[in-house]
Amino acid sequence: MSSFPDTIAGEVTGELVIKKSRFITHARHVESVDEADAFIAEIRTRFWDARHNCTALIVGQTADAQRSNDDGEPSGTAGIPMLEVLRHRNVTDLCVVVTRYFGGILLGAGGLVRAYSSAVSETLDTATLVHRRLLNTYEIHTFHNESGRIEYFLRDWLAHHEGAWGEPVYTHRVTFSVSIPPEHEAELGAQLAAFTSGAGILDFVGSAVVDVPA
């Protein structure tokens with residue numbers, strides 16, 4: 001199966017308190033570097049009184065745009081460790097901001113690296129992961145009196161094969177749209193034909209990278 005780095009759905013937050021310092025993490029799905037920059041600006045405005053708002057982002061279908069910022073922490077103790085967590089998890093289209101309210105106790109370089117890494121990692125543990133796959137899209141045409149049982153069959157099949165369900169189109173007949181890994185075309189085609197006594201046929205529409213719930 002052709003695959004790409006994963007991403008997350010929506011936004012998640014988390015908070016750690018380490019030696020009286022508060023580390024507040026916001027992680028959001030973004031579609032571009034500009035969108036990531038807008039998110040960073042939003043968090044920095046909201047937490048204007050914090051000592052640091054450190055950032056890391058990875059953007060692009062193949063994770064080609066990567067950036068981090070220590071925002072005043074000692075060089076290499078915040079942004080890069082945050083970015084390494086994203087790289088290790090093989091995710092993209094994701095921006096993370098960790099806000100630190102200093103608690104008066106110095107953590108040292110090693111302590112900062114662990115704190116910022118943990119803040120990002122623990123927050124991402126709560127996120128809804130989304131897989132990205134190169135899928136082929138097919139249409140299946142049927143009559144209204146057969147549409148209910150065929151929809152049930154297709155939805156059940158997709159749930160077990162990392163497929164995606166498209167919005168049906170209802171006219172004088174019903175057109176279902178499904179996206180599946182290319183290597184499963186023969187399997188679905190054969191099972192659909194058997195289920196419909198040969199009436200159900202897969203019409204190829206095209207290929208695209210599709211988000212599939214993990």
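Author: A polar contact is a pair of N or O atoms within 3.5 Å; within protein, one must be able to donate a hydrogen and the other to accept it, and residues adjacent in sequence count only if both atoms are side-chain atoms. The side chains of Thr137 and Ser179 are joined at 2.8 Å, so the pair qualifies. This is a predicted model: local features need pLDDT of at least 70, side-chain atom pairs count only at pLDDT 80 or more, and totals for chains, interfaces and linings use all residues. Residues are numbered from 1 along each chain as its sequence is written, and side-chain values use heavy atoms, with hydrogens and water left out.

Reader: Why is Thr137 called buried?

Author: Buried means under 20% relative accessible area, exposed over 50%, partly exposed in between (1.4 Å probe, protein chains only). Thr137 has 16%, so it counts as buried. Its contacts (heavy atoms within 4.5 Å) include Val178, Phe204 and Gly206, leaving out residues up to four places away in sequence. Thr137 lies in strand β7. Strands are DSSP runs of E, at least two residues; helices are runs of H or I, at least four; both are numbered from the N terminus.

Reader: What makes His131 and Asp6 a polar contact?

Author: Their side chains come to 2.9 Å, so the pair is inside the limit for a polar contact. His131 is found in strand β7, residues 129-142. At 16% relative accessibility, His131 is buried. Beyond its neighbours within four places in sequence, His131 also contacts Glu162 and Pro213, among others.

Reader: Why is the pair of Trp165 and Phe176 called tilted?

Author: Rings of Phe, Tyr and Trp (its six-membered ring) pair if their centres lie within 6.5 Å; planes under 30 degrees apart count as stacked, over 60 as edge-to-face and the rest as tilted. By this rule there are 4 aromatic pairs. Trp165 and Phe176 are 5.4 Å apart, centre to centre, with 40 degrees between the planes, so they pair and count as tilted. Trp165 is in strand β8 and Phe176 in strand β10, 11 residues apart.
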